[in-house]
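Let me put the model up, and then I'll walk you through it piece by piece.

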Amino acid sequence: MPTEITQNDIIVNLLIFLMSSFLGLELIRHVSKLLHTPLMSLTNAISSVSVVAALIVIAHAKNNFILTLATIGVALAATNAISGFMITERILKMFRKDHGGEKK
Amino acid sequence: MATLVGYLYVLAAVLFILSLKWMSEVKTSRRGNWAGAGGMLLAVVATLLAFGVHRYDLLIGAIAIGLIIGVPIALKLPMTAVPQRTAMSHAFGSLAVALIGTAEYYQRAPNIDTFIIAVLVSEMILGYLTFTGSAIAFAKLQDLISGKPLIYPGRNVVSLAVLGIAVALGLALVINPANSWLLPVMALFALGFGFLLVMGIGGADMPTVIAILNSYAGLSAAALGFVLNNKLLIVAGTLDGASGLILAILMCKAMNRSFTNVLFGGLGAVVQKSGSGVQEARTVQAYSPEDLATVLEFARHVIVAPGYGMAVAQAHHAMKELQELLETKGVDVKYAIHPVAGRMPGHMNVLLAEANISYDKLLELEEVNPLFGEADVAIVLGANDVVNPAARTDQSSPIYGMPILDVDKAQSVVVIKRSMASGFAGVDNELFYDPKTMMVFGDAKKVLAQVVATLRK
């Protein structure tokens, strides 16, 4: 069974949420506009970390209905993670600079 | 074991953060992608170790489905279809989160702590509405349904009422978590709201909508982290949410509009008619691709402003050919990239990169605008609203105040366009009637090919 979540956990989690928000906003602000499309496919792939949640639910699912929902969750998140990281790689590989004498 | 897993989670979080950090510039971006993938693998392995997941049969099946769907998409997808794929992955991601949240509700019901059920309810509403919203965005981008916004009297009242009912049902569920029948009804209304919301949004606003849906998908993943007390989920989900938020803000700024205006404004539906009688009398000057070739022959500096039309016509490879040919003739060619050109943030950059165009030739709005004064020719390739001078001058225009590419400052302007149809914003473009503007009508790819052929002679 899922362990009880204490007040203390909630406070720590809110703190983590707050810090991550500021860190995320700072990090993303510095991403070159050139890369906004691959950035989106990358963050998309990263958000498939929800697969972790699905795994935890599967680990102590008490009936088949719950198991089914979580398994569909794993399949969807896995599709996103796999295609997300692969397509980001494909897009990033295309970005190149002329290595010639040409000046900017 | 529990401690080891904790440390692995920390490591995964570090990798996710580095991933975004490295994504900031092209040089390190691929490393960033690998860091992200590494973090994901670590997160999954750590979870499998910690929670003793026994149902490997199900997991292998689920991952096999992921491979069967995901790999062909990733390998075969044409770059012009990246916005659709992004919308689809938002749909998948948010549905996953919504279903996992639903599963977790049934797992814990009927005795759920108030804080947990409140987070769960908001997570499910957000997840379900993002699912239908993204699915509609996908259908619009894929041209399965019309890209025009669905507008009817009182549509905002209807949409907000649907959302209001979903929230009210959610509140009822928070007050009494044992009322499990409320959940499917609430989910239905959340799904309905996502559908109505994006049905009312036009094609031009897709970059903003995709970014907002990106943010929602991330935030709902973070919410799951609160429910399961899983800190890695909170970190990764929040990073994703922040990313979508920043992109959405940038897109709104690039259109001089607010979130509310994008979501409820329904731009593109009403065709504005300001002084219609005058406009009909005006003529444009149509030229042939051969004329364009002649103009380019005598140019020194050329700036190309690409738009969604270039993507539709798949004209980016032809453009690269023209660029190379002009460069051998000593002509300097640059590209002006408007933040909202195309259907998702950064869309044009990806297409031009696919055509092997060096990324130091792709200039952002702020960099390129001072250069138009020195340009001999500005080529508008399938763009419309982002080069409309009315944004600077006409206060009554719906796009007034939007930062635009100052193509009209160039010596002469060439507009390659299929027809005189207005852009997504549904407004007429002054630029086309400017005496120094040459209109070349036709499919962008064919026009460019003809220009190249003429220049080769």
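So, to start: what order do the strands of the open sheet in chain B have? The order is β1-β7-β6-β5-β2-β3-β4, seven strands with parallel pairing. Strands here are DSSP runs of E with at least two residues, helices are runs of H or I with at least four, and both are numbered from the N terminus. Two strands pair if DSSP finds at least two bridges between them. The edges of this sheet are β1 and β4 (362–364) of chain B, each of them pairing on one side only.

Before I go on, the housekeeping. This is a predicted model, where local features need pLDDT of at least 70, side-chain atom pairs count only at pLDDT 80 or more, and totals for chains, interfaces and linings use all residues. Residues are numbered from 1 along each chain as its sequence is written, while chains are lettered from A and ligands numbered from 1 in the order in which they are written.

Back to the sheet, at the β1 end. Strand β1 of chain B, residues 286–287, runs parallel to β7 of chain B, residues 437–441, and two bridges join them. B:Ala286 has B:Met439 as its bridge partner in β7(B), and for B:Tyr287 the partner is B:Val440. On to β6 of chain B, residues 412–417: this strand pairs with β7(B) too, again in the parallel sense, over five bridges. There, B:Lys417 stands opposite B:Phe441. As a reminder, strands of a sheet pair through backbone hydrogen bonds, either parallel or antiparallel.

Where do the domains of chain B fall? The assignment gives domain 1 as 1–76, domain 2 as 81–265 and domain 3 as 284–456; bounds like these come from an automatic or database domain assignment. Taken over C-alpha atoms, the centres of domain 1 and domain 3 of chain B are 41 Å apart.

Now the contact between the chains. How many residues does each chain put in? Chain A gives 79 residues and chain B gives 96, with two residues in contact if their C-beta atoms, placed from the backbone, lie within 7 Å. On the chain A side, α1 (7–29), α2 (36–46), α3 (50–59) and α4 (64–94) each supply at least two residues. The largest share, 27 residues, is from α4(A). By type, the side of chain A that touches chain B has 48 nonpolar, 21 polar and ten charged residues.

α1(A) has 23 residues and spans 33 Å from its first C-alpha to its last, close to the expected 33 Å, where the expectation is 1.5 Å times one less than the number of residues. Its buried residues are A:Asn13, A:Phe17, A:Ser20, A:Gly24, A:Leu27 and A:Ile28. Buried means 20 or more other C-beta atoms within 10 Å of a residue's own, exposed means 12 or fewer, and partly exposed is in between, with C-beta atoms placed from the backbone. Those buried residues of α1(A) pack against α1 (2–22), α8 (206–228) and α9 (231–255) of chain B. Then there's α2(A), where eleven of eleven residues are buried, A:His36 and A:Pro38 among them.

The peptide bond from B:Ala109 to B:Pro110 is cis, omega near 5°, and B:Pro110 lies in the loop between α4 (82–108) and α5 (114–141) of chain B. B:Asn229 isn't a glycine, yet has a positive phi of about 55°; this residue lies in the loop between α8 and α9 of chain B. B:Asn229 counts as partly exposed because it has 19 C-beta neighbours inside 10 Å.

Last, confidence. pLDDT is the predictor's confidence in each residue, from 0 to 100. Chain A averages 88 and chain B averages 87. For the complex, the predictor gives an ipTM of 0.92 and a pTM of 0.88.

Terms used. Ala, Val, Leu, Ile, Met, Phe, Trp, Tyr, Cys and Pro count as nonpolar, Asp, Glu, Lys and Arg as charged, and the others, Gly among them, as polar.
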